Amino acid sequence: MAVADPETILRERGGLNLVTGATGFTGAVLARRLLAAGLPVRVLVRSAEKARAKGLAEAEIVEGSVADEGTVASAMGGVRTVFHLAAVYREAGLRDEAYREVHVEGTRRMGEAASAEGVARFVHCSTVGIHGHIEHPPADETAPLAPGDIYQQTKGEGEEAAWRLAAERGLPVSVIRPTAIFGPEDERLLKLFRLAQRSPALLLGPGTIGYHMVHVEDLVDGFLLAATRPEATGEAFILGGEQAASLNEIVRTMARLSGKSGRILHLPAPPFQWAGSLCERICIPLGLAPPIYRRRVDFFTKSRDFTIAKARERLGYQPRYSLEEGLRQTLAGYRERGWL
């Protein structure tokens, strides 16, 4: 028997679809997809003005933070499906408590309110970053947890908070661990595109480590599947593209799409790792932006190569966008905005 599409299942389920973090890259695409399907959407965001600018004027907008218990409780009324994507993205000078308040305590508040409301599904957005460097690629959902920074550490703790509520209160949780997200409207690949347009492009390390990416529309497909498939309850899923590519391959593809040579010069990474660690140790306690971050160096040296076999088998997840097509779209978006 054919399985109904996620939008149909959500429509039949009834109630509101709550999206947190809806002014972020993925959250906005997800909320707009739900609205386009004619589904009732409520968004919990820090800025109503920004939500409207993101094309979410048709949604019911609740302004506030997942860190505020009263706001969370009011946002949860009448909700049947929760997409919890709110996060503190890595910013200079932020103390650890800022990450923990949103990623851990915010998830706990959201989960408790969702449990009290009796939601049908609580889809929590984690990250593959909680697995750290992948020594034996490709890694699956059972790979050891080895977060490398406070963002990844607190995202892991937030995931643990969701699992505790599932065990203690029966909250129907499904966890998504996205690989590196990209696509139109993305800004995170801008520096790498600019690097790829140089001749030569300077890469730290040999450039052979795997970097797994996922087009934002494919990721949203996975969120909808996790929200509607019975097999998703109580499970975590890595969502990525078909497979990882090496940094060398990605940079050369970016260069070719940009009409550049794609010539690469490799520099040794250890001196930059040492300098990044020292700068963070000095600058962050003073609230200053370090001129170089250890995590930026780690980007060139840590393998992030995963398998999406579980999502394929359990959810029927199937990426629709190739790496090249996604990079072409992203480049077009950058050029349209005058960034490249």
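This is a predicted model: local features need pLDDT of at least 70, side-chain atom pairs count only at pLDDT 80 or more; totals for chains, interfaces and linings use all residues.
Most residues other than glycine have a negative phi, and most peptide bonds are trans.

**Backbone geometry in loops**

- A cis peptide bond links Pro-137 to Pro-138, with omega at about -5 degrees; Pro-138 is placed in the loop between strand E5 and helix H6.
- Ser-199 and Pro-200 are likewise joined by a peptide bond that is cis, and here omega is near 5 degrees.
- Pro-200 belongs to the loop between helix H7 (190-196) and strand E8 (201-204).

**Gly-21 and its contacts**

- The loop between strand E1 (16-20) and helix H2 (25-36) contains Gly-21.
- Once residues up to four places away in sequence are set aside, Gly-21 touches Gly-27, Leu-44, Leu-85 and Ala-86.
- His-84 is 63 residues from Gly-21 along the chain, yet the C-alpha atoms of these two residues are separated by 7.2 Å.

- Asp-149 lies in the loop between strand E5 (121-125) and helix H6 (150-169).
- A polar atom of the Asp-149 side chain lies 2.8 Å from the backbone nitrogen of Gln-152.
- The backbone nitrogen of Tyr-151 is also placed 3.2 Å from a polar atom of the Asp-149 side chain.

- Asp-218 is part of helix H8 (residues 216-228).
- Asp-218 counts as buried because its relative accessibility is 0%, against a cut-off of under 20%.
- Beyond its neighbours within four places in sequence, Asp-218 is in contact with Tyr-317, Gln-318, Pro-319, Arg-320 and Tyr-321.
- For Tyr-321, the backbone nitrogen lies 3.2 Å from a polar atom of the side chain of Asp-218.
- Arg-320 has its place in the loop between helix H12 (309-315) and helix H13.
- In sequence, Arg-320 and Asp-218 are 102 residues apart, whereas in space their C-alpha atoms are 6.3 Å apart.
- Leaving aside neighbours within four places in sequence, the contacts of Arg-320 are Arg-33, Glu-217, Asp-218 and Asp-221.

- Helix H9 (residues 247-257) is mostly covered, with eight of its eleven residues buried.
- The buried residues of H9 are Leu-247, Asn-248, Ile-250, Val-251, Thr-253, Met-254, Ala-255 and Leu-257.
- An α-helix has 3.6 residues a turn, so residues three or four places apart point the same way.
- The axes of H9 and helix H13 (residues 323-336) come within 10 Å of each other and cross at roughly 50 degrees.
- H9 is therefore oblique to H13, and the crossing of the two helices is right-handed.
- On the H9 side, the contact is made by Ile-250, Thr-253, Met-254, Arg-256 and Leu-257.
- On the H13 side, the contact involves Leu-323, Glu-324, Leu-327, Arg-328, Leu-331 and Arg-335.
- Sorted by class, this contact of H9 with H13 has six nonpolar, one polar and four charged residues.

**Helices H4 and H5**

- Helix H4 (residues 69-76) and helix H5 (residues 96-117) pack at an angle of about 35 degrees, and their axes are 9 Å apart.
- The crossing in which H4 passes H5 is right-handed.
- Glu-69, Val-72 and Met-76 are the residues of H4 that meet H5.
- Their counterparts in H5 are Arg-109, Met-110, Ala-113, Ala-114 and Glu-117.
- The contact of H4 with H5 has five nonpolar and three charged residues, and no polar ones.

Methods: Residues are numbered from 1 along each chain as its sequence is written. Side-chain values use heavy atoms; hydrogens and water are left out. Buried means under 20% relative accessible area, exposed over 50%, partly exposed in between (1.4 Å probe, protein chains only). Helices (H or I, at least four residues) and strands (E, at least two) are DSSP runs, numbered from the N terminus. Axes are lines fitted to C-alpha atoms, for helices over the stretch in contact, and angles run from 0 to 180 degrees between N-to-C directions. Angles under 35 degrees count as roughly parallel, over 145 as roughly antiparallel, 65 to 115 as roughly perpendicular and the rest as oblique. A crossing is left-handed if the near helix is turned anticlockwise from the far one by less than a right angle, and right-handed if clockwise. Contact means heavy atoms within 4.5 Å. Ala, Val, Leu, Ile, Met, Phe, Trp, Tyr, Cys and Pro count as nonpolar, Asp, Glu, Lys and Arg as charged, and the others, Gly among them, as polar. A polar contact is a pair of N or O atoms within 3.5 Å; within protein, one must be able to donate a hydrogen and the other to accept it, and residues adjacent in sequence count only if both atoms are side-chain atoms.
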